[in-house]
Number of protein chains: 2
Amino acid sequence: MSEQKTNSDTRERILDIAERLFMENGYEATSMRMITGAAEVNLAAVNYHFGSKEALLREVFRRRLGWLNEERLRALDRLEQQVVGGALKPSQILEAFFGTLLRMGENPALGGMTFLRLLGRTLTEPAEFIQTFFAGEYAEVIERYKRALYRALPDVPQAEIVWRLHFMLGAMSYAIAGTDVLRVVTGVEVGDLAGEMPAEEFDDSAFARRLAQRLMPFLLGGLRAPLPQFDEPAVKQKESPEKAAREIRPEI
Amino acid sequence: MSEQKTNSDTRERILDIAERLFMENGYEATSMRMITGAAEVNLAAVNYHFGSKEALLREVFRRRLGWLNEERLRALDRLEQQVVGGALKPSQILEAFFGTLLRMGENPALGGMTFLRLLGRTLTEPAEFIQTFFAGEYAEVIERYKRALYRALPDVPQAEIVWRLHFMLGAMSYAIAGTDVLRVVTGVEVGDLAGEMPAEEFDDSAFARRLAQRLMPFLLGGLRAPLPQFDEPAVKQKESPEKAAREIRPEI
DNA sequence: GTAACATCAAAACGAACGTTTGAAAGAAGT
DNA sequence: ACTTCTTTCAAACGTTCGTTTTGATGTTAC
């Protein structure tokens with residue numbers, strides 16, 4: 001097989017194990033010896049197959065993010081073909097962007113929740129090589145979705161849309177990464193959150209589906225919230241002092 | 001001065017430097033030699049004053065989080081005294097919880113944006129001693145605010161409120177931690193986001209204020225979003241198949 | 001003046017880190 | 001069968017890590 005660099009399953013086994021360990025411990029706290037030990041391969045195997053620890057992390061993400069972001073672009077393409085020239089509904093755009101990702105959590109063959117959690121945690125890692133990598137991987141898909149949102153919400157200032165996209169990414173990443181983290185913070189037992197469906201949430205795939213169903217309305221609600229008003233004049237300020245944003249109806 | 005364990009400013013200088021370096025590099029990637037070097041103190045000073053690197057990180061957080069969470073409790077006390085027995089508005093609760101934190105970002109004496117960013121990033125660190133520490137620090141304040149939200153939103157299932165609290169914490173943490181991170185991801189230049197107010201956003205204090213003004217409406221919108229509906233029967237399901245959540249008005 | 005505390009410089013500790021090396025073993029091509 | 005290329009292996013490399021120790025020098029308190 002000269003089509004591929006290698007045909008052995010050593011590479012894949014390393015990637016699978018590294019994906020899990022990086023998720024559990026973070027990049028810095030996961031050593032080469034932990035990875036090669038758990039994968040039952042020689043210590044030198046990582047450097048042989050990938051070159052370095054940094055390159056290993058990049059490859060762990062590339063094999064999943066590549067598919068994900070292509071799928072996101074395809075989903076957006078499909079939507080835009082349906083409404084040629086017209087504007088999409090925000091809910092459709094969010095579904096294409098976040099739904100595509102959250103559906104990966106239901107599919108173990110695509111990394112499942114392990115990869116989702118890893119992604120959420122790694123996005124905030126300060127290491128420069130990580131940030132550089134993500135910037136490159138996400139550039140195109142973010143650009144496309146940003147423009148789609150601009151068109152879907154023509155009355156909302158573009159800067160505001162970018163901020164809210166930022167917030168939505170954060171809510172999603174944290175919701176995933178902090179599954180065990182913030183469950184401690186919020187003091188909720190795993191069983192508590194279940195309530196209605198006791199045993200299901202322990203299953204990764206069912207959990208991912210529930211998460212998506214709960215997250216999407218939240219994100220939509222945030223995206224469609226009243227615009228903020230600023231306490232100092234920005235460009236112009238001719239409207240009445242208190243507008244829509246400050247006073248909120250008390251009930252949901 | 002026998003009132004305090006120590007009177008020197010070595011402790012404070014170490015804490016200030018460690019706060020910044022932990023924020024910039026993360027816990028694992030910040031070495032004792034980097035900290036003591038930048039603080040211009042002896043290498044042994046950290047172990048002398050704090051005992052260990054882990055204890056140093058805890059102390060970095062304790063001196064800020066202690067004040068923050070006490071202030072949050074005081075803010076909630078004040079609100080609840082105004083409406084004895086009654087229910088608060090969700091907006092008031094969110095303002096007390098998130099507003100108190102975001103106002104720290106405007107005050108350099110309380111750590112400013114440096115501490116906020118550190119907090120946002122460290123909340124997702126997988127290290128067990130970190131998670132244990134946060135769980136203890138946050139237990140009471142989360143419990144109080146959770147109950148306040150239950151009372152403010154009596155018609156919303158409590159499990160749903162916990163999830164949305166989780167989402168809101170995520171959106172906030174990420175919004176703060178990812179200031180430089182997701183700015184790269186979203187491909188937005190610092191100047192772009194400004195638009196209306198070009199030079200101000202470079203100032204930490206002004207940035208924190210803007211962030212709060214944009215984040216609060218988003219959080220409120222998410223908290224007050226229509227409830228999700230599940231594709232499989234949970235407790236009971238007698239309403240029509242498609243209810244409020246799925247179909248969303250396309251405009252903001 | 002003496003006891004207790006704080007800081008320092010310097011050196012060393014063992015442990016763990018990512019990476020490299022050179023040879024052995026295996027697979028593929030002819 | 002011989003060669004060539006790839007893969008695996010044990011062992012070692014040099015570095016850095018967090019921590020501890022030793023001894024000297026200020027500093028503060030009673």
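This is a predicted model: local features need pLDDT of at least 70, side-chain atom pairs count only at pLDDT 80 or more; totals for chains, interfaces and linings use all residues.
**Figure 1. The protein surface near DNA strand D.** DNA strand D is surrounded by 19 residues. The closest are Thr10(A) and His49(A) from chain A, together with Met32(B), Arg33(B) and Lys53(B) from chain B. Of the atoms of DNA strand D that come within 4 Å of the protein, 52% belong to sugar and phosphate. Sorted by class, the surface near DNA strand D comprises seven nonpolar, eight polar and four charged residues.

**Figure 2. Contacts with phosphate oxygens of DNA strand D.** From chain A, the side chain of Tyr48(A) places an N or O atom 3.0 Å from a phosphate oxygen of DNA strand D. Met32(B) takes part through its backbone: one of its backbone N or O atoms lies 2.9 Å from a phosphate oxygen of DNA strand D.

**Figure 3. Salt bridges in chain A.** Over all chains, the structure holds 40 salt bridges. Side chains of opposite charge can pair when their charged atoms come close. In chain A, the side chains of Arg78(A) and Glu71(A) form one such bridge, with an N to O distance of 3.4 Å. Arg78(A) is partly exposed, its relative accessible area being 47%. Elsewhere in chain A, a network of salt bridges links Glu12(A), Asp16(A), Glu19(A), Arg63(A) and Arg64(A).

Figure 4. The side chains of Arg144(B) and Asp77(B) meet in a salt bridge at 3.0 Å, N to O. Arg144(B) belongs to helix H7 (residues 128-152) and Asp77(B) to helix H4 (residues 53-82) of chain B, so the bridge ties together parts that are 67 residues apart in sequence. Asp77(B) is partly exposed, with a relative accessible area of 33%.

Figure 5. Glu143(B) and Lys146(B) are joined through their side chains by a salt bridge of 3.6 Å, N to O. The two residues are separated by about one helical turn, because they stand three residues apart in helix H7 of chain B. Glu143(B) is partly exposed at a relative accessible area of 32%, whereas Lys146(B) counts as buried at 6% relative accessibility.

**Figure 6. Arg147(B) and Gln158(B).** Helix H7 of chain B also includes Arg147(B). This residue is partly exposed, with a relative accessible area of 42%. Between Arg147(B) and Gln158(B), the separation is eleven residues in sequence and 9.2 Å in space, C-alpha to C-alpha.

Definitions and conventions: Residues are numbered from 1 along each chain as its sequence is written. Chains are lettered from A and ligands numbered from 1 in the order in which they are written. Side-chain values use heavy atoms; hydrogens and water are left out. A residue is near a molecule or strand if one of its heavy atoms lies within 4 Å of it. A polar contact is a pair of N or O atoms within 3.5 Å; within protein, one must be able to donate a hydrogen and the other to accept it, and residues adjacent in sequence count only if both atoms are side-chain atoms. Ala, Val, Leu, Ile, Met, Phe, Trp, Tyr, Cys and Pro count as nonpolar, Asp, Glu, Lys and Arg as charged, and the others, Gly among them, as polar. A salt bridge is a side-chain nitrogen of Lys or Arg within 4 Å of a carboxyl oxygen of Asp or Glu. Buried means under 20% relative accessible area, exposed over 50%, partly exposed in between (1.4 Å probe, protein chains only). Helices (H or I, at least four residues) and strands (E, at least two) are DSSP runs, numbered from the N terminus.
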